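This report is an introduction for someone meeting the structure for the first time. Please look over the sequence and the model before reading on.

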Amino acid sequence: LALVFGAGASTAVGAAVVFFPALVKMTSRRVLASSLGFSAGVMSYVSFVEIFTKSTASFEDAGFSESDAYLYSTLCFFGGVISMIVSSFI
């Protein structure tokens, strides 16, 4: 409960900063860029974990063992990464 409250309060404080021009002028571009990169990484990680868990559960529902489902989910993930890398060169 405290974690949820802390996340909500952080979001509200971060959003409220834009309403005070003096605070916006005090920020450095390096801090803003680092914060944006960090938050993008956290969101990507959370999305990956959620999708990976659903993928593993789907393989298990299809009749694979837990270890095989984990292996196939991992292979599918890295197969997708490799295909995205290859498609960026086309």
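## Terms and basis

A residue is called buried when its relative accessible area is under 20%, exposed when it is over 50%, and partly exposed in between, with a 1.4 Å probe and protein chains only. This is a predicted model, in which local features need pLDDT of at least 70 and side-chain atom pairs count only at pLDDT 80 or more, while totals for chains, interfaces and linings use all residues. Residues are numbered from 1 along each chain as its sequence is written, and side-chain values use heavy atoms, with hydrogens and water left out.

## The chain as a whole

The protein chain holds four helices and zero strands (DSSP runs, with at least four residues of H or I for a helix and at least two of E for a strand, numbered from the N terminus). Its radius of gyration is 20 Å, well over the 12 Å that the globule rule gives for 90 residues, so the chain is more spread out than a compact globule; the radius is taken over C-alpha atoms, and the rule is 2.2 Å times the number of residues to the power 0.38.

Along the principal axes, the C-alpha atoms fill a box of roughly 60 × 45 × 15 Å, and 4% of the 90 residues count as buried.

## Ser73

Ser73 lies in helix H4, which covers residues 66-88, and it counts as buried because its relative accessibility is 2%. Beyond its neighbours within four places in sequence, Ser73 is in contact (heavy atoms within 4.5 Å) with Phe52, Ser55, Thr56 and Phe59.
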